[in-house]
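Here are my notes for you, as numbered points. Please have the coordinates open as you read.

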Amino acid sequence: IDMKKAQVVFVLGGPGSGKGTQCVRIVENYGYTHLSAGDLLRAERSREGSEFGQLIDNHIKDGKIVPFEITIKLLKKAMEETRRLDEKKIHFLIDGFPRNEENLQGWTTIMDGEADVKFVLFFDCSNEVCINRCVERGKSSGRTDDNRASLEKRIQTYLQSTRPVISLYEKQGKVRTVDASCAVDKVFANVKTILDKEI
Ligand code: UP5
Ligand code: MG
């Protein structure tokens, strides 16, 4: 491998499929840096002086996908910052991105020289389980999109826009599917089996 190039795993799956939870476990057990596109967007939304705050806010509440220029800029900056602090950190889990074909095209155009996508870790979980987990979390999360109305839209966007991206990678033999409907420990055991084969 070209050691200057970042090695990326895209982490995809429905809202509440457990992407964030499992990424934390992966970081604890493997040498990855976790970047959640959603977390980066939420941080940018509340950053003083951000010109995108309102736009991000509206998109998240409606379960719509923020224009790729904004998301990729945040991801790129976070990756560069990580590597500036420690140049050995080249392995990244990019969680919740790319969510549609424009996201993917933008990434390819902007990041191709800087990062290789190794595979997609896909958390497979029924819509019902996804919705129930997020509604439950909504009792305390403070997230503006953890309510039934937003979740209907998030699921719609996921089915219409994100599944096709997963299918594209599937055709390239680059999707590693995890059954994500069981308990956290069981899901992580499935994740480990996959990652141990890749490393
Ligand atoms: N939980 C987790 N695993 C469990 C298990 N195995 N059994 C039982 N419970 C489990 O988990 C969700 C909840 O379920 C938690 O309470 C957890 O304890 C429990 P989590 O790990 O947070 O799941 P995750 O898949 O990360 O869910 P999240 O809500 O983060 O998924 P989304 O993909 O919907 O959210 P994200 O933050 O990525 O994006 C939010 C919005 O930002 C998008 O809708 C979109 O508007 C915008 N966005 C973009 O526009 N572009 C991007 O590139 C990214 C985001
Ligand atoms: Mg998440």
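1. S17 counts as buried, because its relative accessibility is 2% and the cut-off for buried is under 20%. Please keep in mind that this is a predicted model. S17 sits in the loop that runs between β1 and α1 (19-29). A polar atom of the S17 side chain is 2.8 Å from the backbone oxygen of G14. Beyond its neighbours within four places in sequence, S17 has contacts with F123, C125, C130, R133 and A180.

2. C130, one of those contacts of S17, leads on to the cysteines. Searching the whole structure gives zero disulfides. For C130, the nearest cysteine sulfur belongs to C125 and is 4.1 Å away, whereas a disulfide needs the sulfur atoms within 2.5 Å. C23 has its closest cysteine sulfur in C130, at 15 Å, so the pair is too far apart for a bond. Both cysteines are buried: C23 has a relative accessible area of 1%, and C130 also has 1%.

3. Now to ligand 1, which 30 residues surround. The closest of them are T21, K64, V66, R137 and R154. A polar backbone atom of G16 is 3.0 Å from an oxygen atom of ligand 1. R42 places a polar side-chain atom 2.9 Å from an oxygen atom of the ligand. V184 has a backbone N or O atom at 3.3 Å from a nitrogen atom of ligand 1.

4. Which residues touch the most other members of the largest nonpolar core? They are V8, F10, M79, I94, F97, W107 and Y169, in a core of 25 residues. At least two residues of this core come from each of β1 (6-13), α4 (68-85), β3 (91-95), α5 (101-111), β4 (115-124) and α7 (148-171).

5. F10 deserves a look of its own. Setting aside neighbours within four places in sequence, F10 is in contact with I94, F97, P98, W107, V117, F119, V120, L121 and Y169.

6. Finally, α4. Its 18 residues should span 26 Å at 1.5 Å a residue, and the end C-alpha atoms are 26 Å apart, so the two values agree. The buried residues in α4 include I70, T71, I72, L74, L75, A78, M79 and T82.

Methods. Residues are numbered from 1 along each chain as its sequence is written. Chains are lettered from A and ligands numbered from 1 in the order in which they are written. This is a predicted model: local features need pLDDT of at least 70, side-chain atom pairs count only at pLDDT 80 or more; totals for chains, interfaces and linings use all residues. Side-chain values use heavy atoms; hydrogens and water are left out. A nonpolar core is a set of buried Ala, Val, Leu, Ile, Met, Phe, Trp, Tyr and Cys residues joined through side-chain atoms within 4.5 Å. Buried means under 20% relative accessible area, exposed over 50%, partly exposed in between (1.4 Å probe, protein chains only). Helices (H or I, at least four residues) and strands (E, at least two) are DSSP runs, numbered from the N terminus. Contact means heavy atoms within 4.5 Å. A polar contact is a pair of N or O atoms within 3.5 Å; within protein, one must be able to donate a hydrogen and the other to accept it, and residues adjacent in sequence count only if both atoms are side-chain atoms. The expected span of a helix is 1.5 Å times one less than its number of residues. A residue is near a molecule or strand if one of its heavy atoms lies within 4 Å of it.
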